[in-house]
Amino acid sequence: MSADQATRALYRKLLQAWNDRDAAAMCALLAPNGSMVGFDGSNFSGPDTLLKHLKPILDTLPTPTYVASVREVRELGPDTTMLRAAAGMVPRGKANINPALNALQVMVASRVGDDWRVAHFQTTPAAFYERPEQSDALSLELRAALQAGGLSAIGGV
């Protein structure tokens, strides 16, 4: 499997773990010294710290599910890649994204032994202040990704 394919697969697994509300599976994808910055600006380092934060959220809240559109995978070195994506969220029980939850994501992946792990993952709200046309374009992109199969479409982008 190429670095590009491995990075896309890792990203898909990360978002699927969120969608499945499986904090342990999500944290298992993090490198031992990996970090995450959440939608609200929360910052966590290491799988154990992230698990303490995520488990109560995913166990008790009706978290929306992700749909994503990968925009780029770039090799930064022989064992490091960066993925940039747009992500939307579909509230539980709904069929469409909530544009207020649209975000841009960056994931840095690194090879750890024979596996790829998340070295850093960041989600930034796509507010596009005073640029409603960009917000609308992002929502159209994410609705198309949702219609194409959501996370199953990630590998083909």
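Colleague: In this predicted model, how far apart are the end C-alpha atoms of helix α3?

Modeller: Helix α3 covers residues 47-60, which makes 14 residues. At 1.5 Å a residue, a helix of that length should span 20 Å, and the model agrees with this expectation, because the end C-alpha atoms of α3 are 20 Å apart.

Colleague: Where does α3 bend, and which proline follows?

Modeller: The bend in α3 is about 30° and is placed at Leu54. Within four residues of Leu54 there follows a proline, which is Pro56.

Colleague: Which residues of α3 are buried, and what do they pack against?

Modeller: A residue is called buried when its relative accessible area is under 20%, and in α3 the buried residues are Leu50, Leu54 and Leu58.

Colleague: Which element gives the largest share of the largest nonpolar core?

Modeller: The largest nonpolar core has 32 residues, and those touching the most other members are Tyr11, Leu14, Leu54, Met107, Val118 and Phe121. Among the elements that give two or more residues to this core are α3, β5 (103-112) and β6 (115-125). The largest share, however, is eight residues, and it comes from α1.

Colleague: Is Ser139 buried or exposed?

Modeller: Ser139 lies in helix α4, which runs over residues 132-147. Leaving aside neighbours within four places in sequence, Ser139 is in contact with Ile97, Pro99 and Asn102. Its relative accessible area is 3%, and because buried means under 20%, Ser139 counts as buried.

Colleague: How many residues apart in the chain are Glu141 and Arg71, whose side chains meet in a salt bridge?

Modeller: The salt bridge between Glu141 and Arg71 has an N to O distance of 2.6 Å. Glu141 is partly exposed at 25% relative accessible area, and Arg71 is partly exposed at 41%. Since Glu141 sits in helix α4 and Arg71 in strand β3, the pair links distant parts of the chain, 70 residues apart.

Colleague: Which residues are linked with Glu72 in a network of salt bridges?

Modeller: Glu72 forms a salt bridge with Arg84, with the closest N and O atoms 2.6 Å apart. Because Glu72 lies in strand β3 and Arg84 in strand β4, this pair ties together parts that are 12 residues apart in sequence. The network that holds Glu72 also includes Arg74 and Arg84.

Methods. Residues numbered from 1 in each chain as written. Predicted model: local features only at pLDDT ≥ 70, side-chain atom pairs only at ≥ 80, totals over all residues. Heavy atoms only, no water. Expected span 1.5 Å × (residues − 1). Bend = angle between axes of the 7 residues up to and from the residue. Buried < 20%, exposed > 50% of the residue type's maximum accessible area, 1.4 Å probe, protein only. Core = buried A, V, L, I, M, F, W, Y, C linked by side-chain atoms within 4.5 Å. Contact = heavy atoms within 4.5 Å. Salt bridge = Lys/Arg side-chain N within 4 Å of Asp/Glu carboxyl O.
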